[in-house]
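Thanks for coming. I will take a few minutes to go through the pockets and the ligand site, with the structure on the screen.

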Amino acid sequence: MIGDKILIFEKIDSTNEYLKKHYKELNNGTVIVAIEQTAGKGRYGRKWISSKGGLWFSILLKPKNIFSTYFFTKLASFTLVKILKRYKVYARIKWPNDIFVNGKKLAGILTEVVYEKSKPVALIIGIGINLNNQIPDELKSIAISLKDILNKNVQISGFLKLFLKRFNTYYLKYRKAPYALTRQWKKLLTFKEGDLIKFKNANYTIEKIENDYIIISNEIEKKKIFSISELEGDVKSEN
Ligand code: BTN
């Protein structure tokens, strides 16, 4: 089961990088936790600040066939939103998989695949959650911690335990029905299919939200958007 073995490190570069180096000798479902990461990574090679107090961890999976990284990333974001509800925090997923509360980022997910001779052999799901860590001043307008939302510290081990339990449950529930997960995931997005957006000063409707692109259209044209940064700040209907 995922989380049967959990290795905790006081300080390492990145829990994803650790698994990339050690996946061969570790079992499916092993979880690596870092109290602090010195070189935490986000998507697109961005730096992920990982000071003490946050929950920084990665899950190693070695499924028989690695069918979709998107499935696991969605599973992680879906699980996070569900758990946060238990804390009475109503989070949403900002496409593709950032966890947002009150317009600020609370958590992010970085799923990576390990290849051997161009064959995928392992999946690493890296999850970073601002739990009790101090958000640096320069990021306070875009990021938030659970502690700041709740006005109290959250027990890190308790949160991780709950996450892993739910993640396991949802994995068993949705692995045979990935489309059902996608449907649930879409309901939790900050902007949805059918929403109106402003893009480069023109109005568009979001026609389709896929794993790795969004299609927007109006009477004049149809466009494919490949990253949130193309839309950033322009989406009208955040909820
Ligand atoms: C993102 O939003 O861009 C993804 C952030 C993922 C951060 C986590 S923290 C644990 C794991 N180790 C890393 O170096 N990155 C992920």
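What volume does the second largest pocket have? About 250 Å³. Keep in mind that this is a predicted model. Lining that pocket are 14 residues, and Arg-43, Tyr-70, Thr-73, Pro-96 and Asn-97 are the closest to its centre. Two elements, α2 (69-86) and β6, each supply at least two residues of this lining. By type, the lining of the second largest pocket splits into seven nonpolar, five polar and two charged residues.

Now the largest pocket. Its volume is about 780 Å³. Its lining counts 39 residues, with Arg-46, Lys-47, Trp-48, Asp-98 and Lys-105 nearest the centre. β6 supplies the largest share of that lining, four residues. The lining of the largest pocket has 15 nonpolar, 16 polar and eight charged residues.

Where is the ligand? The space it takes is the largest pocket. The elements that give two or more residues to the shell around the ligand are α1 (15-22), β3 (55-61), β6 (104-116) and β7 (119-129). β6 gives the most here, with four residues. The shell around the ligand is made up of five nonpolar, ten polar and four charged residues.

Which residues come nearest to the ligand? Of the 19 around it, they are Ser-14, Gln-37, Lys-41, Arg-43 and Lys-105. A polar side-chain atom of Lys-105 is 2.6 Å from a ligand oxygen. For Ser-14, an N or O atom of the side chain lies 2.8 Å from an oxygen of the ligand. With Lys-41, a polar backbone atom is 2.8 Å from a ligand oxygen. Of the 420 Å² of accessible area that the ligand has on its own, the protein covers 99%.

Methods: Residues numbered from 1 in each chain as written. Predicted model: local features only at pLDDT ≥ 70, side-chain atom pairs only at ≥ 80, totals over all residues. Heavy atoms only, no water. Near = heavy atom within 4 Å. Polar contact = N/O pair within 3.5 Å; in protein donor to acceptor, adjacent residues only side chain to side chain. Areas by Shrake-Rupley, 256 points an atom, 1.4 Å probe, with all protein chains shown as cover. 1 Å grid on protein atoms, 1.4 Å probe; cavity = no way out; pocket = protein on both sides within 12 Å on 5 of 7 lines; lining within 4 Å. Sits in = over half its atoms within 2 Å of the grid points. Nonpolar A, V, L, I, M, F, W, Y, C, P; charged D, E, K, R; others polar. Points joined across faces, edges and corners; volume = space filled by probe spheres on them.
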